[in-house]
Amino acid sequence: MEQYRFLMIGAHPDDMELRCGGLAMRLRRKGHQVMFLSMTDGSAGHHRMTGDALRERRRAEAQAAAAALDVAYRIMPVADGRLEANLKTRELLIREIRTYAPHVILTHRSADYHPDHRACGQLVMDCAYLLNVPLICPDTPCPNLTPVILSAWDRFKKPLPFAPDVAVPIDDLVEKKIDAALCHVSQFYEWLPYVEGWADVESAATFEEKTALLRAQLRARFAGEALLYPALVPDGVCFAETFEWNEYGAPLTDELRRAMTDIPAEK
Ligand SMILES: [Zn+2]
């Protein structure tokens, strides 16, 4: 089987861990290459820490997650909460994508509650055609490769609900996926309980109690994603990651689908 390069582009450090962490591990175990790219530096993701201290903490957390998933990890020098789909970030991203030359890009959809997620999804679509236009960013040669583009699951229904084309069973990987997500201590133990109102986690007395609550919450989230799409998720599978094909990229082939899922093409 061909060895593929997957580029998982999130708006923030932790986004792709939550959406593609199981797929990333499955691919790495089969010898494919995986790189996570965070479009922003995470510097708005806290209620007490700021500036370089937060940026550096989030970089270290991302590196811990990268080690847990066995993937490469890059963080773009763009301020968290300020990502825009403009020419400057488009050209930054064109150079990143051309340099890695991925067969597959995974990212956000462009309709999502967070403006950085929306901009990130938009930016990938804005880059798609221009990747192979040599007069755009002529300092970085075109890879002569049109990537497949897949959007990771989200819960939003307008203007269109998420309609997955592939589901990746992750029952065997879900606990390790949660380990990787929880490397982002500043987020799961501090910022998200504060901003999302997770009172049980906030009030838990010890790190261990918080961890148990967070693990249960994440298991429920990943199980919920699998339950939504019974036609795609094989019987008996409890946890899955789901992805929607974006028509601005290359077609999703059966070989690629098998590389991602291990499910025979008929299912
Ligand atoms: Zn995010």
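**View 1. N246, a buried residue in strand 7.** N246 counts as buried because 21 C-beta neighbours sit inside 10 Å; the cut-off is 20 or more other C-beta atoms within 10 Å, with 12 or fewer called exposed, partly exposed in between, and C-beta atoms placed from the backbone. Leaving aside neighbours within four places in sequence, N246 is in contact with M125, I149, L150 and S151 (C-beta atoms within 7 Å, placed from the backbone). The C-alpha atoms of N246 and I149 are 5.4 Å apart, though 97 residues separate them along the chain.

A note on the model: it is predicted, so local features need pLDDT of at least 70 and side-chain atom pairs 80 or more, while totals for chains, interfaces and linings use all residues. Numbering starts from 1 along each chain as its sequence is written.

**View 2. Strands 4 and 5 side by side.** Strand 4 (residues 104-107) and strand 5 (residues 148-152) run parallel, joined by four bridges. Here L106 stands opposite L150 in strand 5.

**View 3. Around A24.** Not counting residues up to four places away in sequence, A24 touches M8, V34, L69 and V71.

Definitions and conventions
Two residues are in contact if their C-beta atoms, placed from the backbone, lie within 7 Å. Two strands pair if DSSP finds at least two bridges between them. Helices (H or I, at least four residues) and strands (E, at least two) are DSSP runs, numbered from the N terminus.
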